[in-house]
Amino acid sequence: MTAPAFSLCVYCGSRPGSNPAYADAARRVGQWIARHNGQLVYGGGTGGLMGITANAVLEAGGRVIGIIPKALVDKEWAHHGCTELHIVDTMHERKRMMAEKSDAFLALPGGIGTLEELFEVWTWRQLGYHDKPIGILNTADYYQGLLDFMATSVSQEFLGDWQMGLVNISDAPEALLRELVQSAGLTCAPRLDQI
Ligand code: AMP
């Protein structure tokens, strides 16, 4: 099997959320990754947007790397259909492995787990621990309240404009995915069977 053109880490809700637009966006993200020869790296769960994204990649013939702590496998939350399922001991090990295996990060709508993962890679980026692109998919304005708060943080001088500039924010899945892959210095040509 040829190596994937890129590995994209997706953080997203273990629930689907109330607006069907979230599931639709997750499916589009998964399909785009597979159709451009990419590989999904994610938390290895079956629930909500996590399962929807992973299944969309697999159904479109793409590769999925799931990385999940043993405690969540014991709760029967693991997606055993992943191309590779890595079962690790701790959450810290999971997040480190997800970050190491990825060329870029994308947060879809989600809850506190998603926010924690997003803010961790954002914090690491501002400190120079990595220089991988980070995106926020603001489907149906889900993140608007958070972005308003971040603007308050800038106006109150806890945050600089340059730190906000470290993330790409968009409501257009395909354009954002292209931007992230290209910013990582990789190409995202459509798979031959998609031309
Ligand atoms: P949340 O946004 O709170 O639903 O949490 C989603 C994020 O936390 C995902 O990106 C996962 O890495 C992790 N997570 C939370 N719940 C689960 C679950 N049931 N199965 C697998 N991972 C989960």
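Helix 4 and helix 5 cross in a right-handed way, meaning that the near helix is turned clockwise from the far one by less than a right angle. This is a predicted model, in which local features need pLDDT of at least 70, side-chain atom pairs count only at pLDDT 80 or more, and totals for chains, interfaces and linings use all residues. Residues are numbered from 1 along each chain as its sequence is written, and side-chain values use heavy atoms, with hydrogens and water left out.

**How the two helices meet**
- The axes of helix 4 (residues 91-100) and helix 5 (residues 112-126) come within 12 Å and cross at roughly 60°.
- Helix 4 is therefore oblique to helix 5 (angles under 35 degrees count as roughly parallel, over 145 as roughly antiparallel, 65 to 115 as roughly perpendicular and the rest as oblique).
- Arg94, Lys95 and Ala99 of helix 4 make the contact with Glu116, Glu117, Glu120 and Trp124 of helix 5 (contact means heavy atoms within 4.5 Å).
- By class, this contact has 2 nonpolar, no polar and 5 charged residues (Ala, Val, Leu, Ile, Met, Phe, Trp, Tyr, Cys and Pro count as nonpolar, Asp, Glu, Lys and Arg as charged, and the others, Gly among them, as polar).

**The largest pocket**
- The largest pocket holds about 530 Å³ of space (on a 1 Å grid over the protein atoms alone, a pocket is an open set of points where a 1.4 Å probe fits, with protein on both sides within 12 Å along at least five of seven lines; lining residues have an atom within 4 Å of a point).
- Of its 31 lining residues, Cys12, Gly13, Ser14, Arg15 and Met50 lie nearest the centre.
- Helix 5 gives the most to this lining, with 5 residues.

Key: Axes are lines fitted to C-alpha atoms, for helices over the stretch in contact, and angles run from 0 to 180 degrees between N-to-C directions. Helices (H or I, at least four residues) and strands (E, at least two) are DSSP runs, numbered from the N terminus. Grid points are joined across faces, edges and corners, and a volume is the space filled by probe spheres set on the points.
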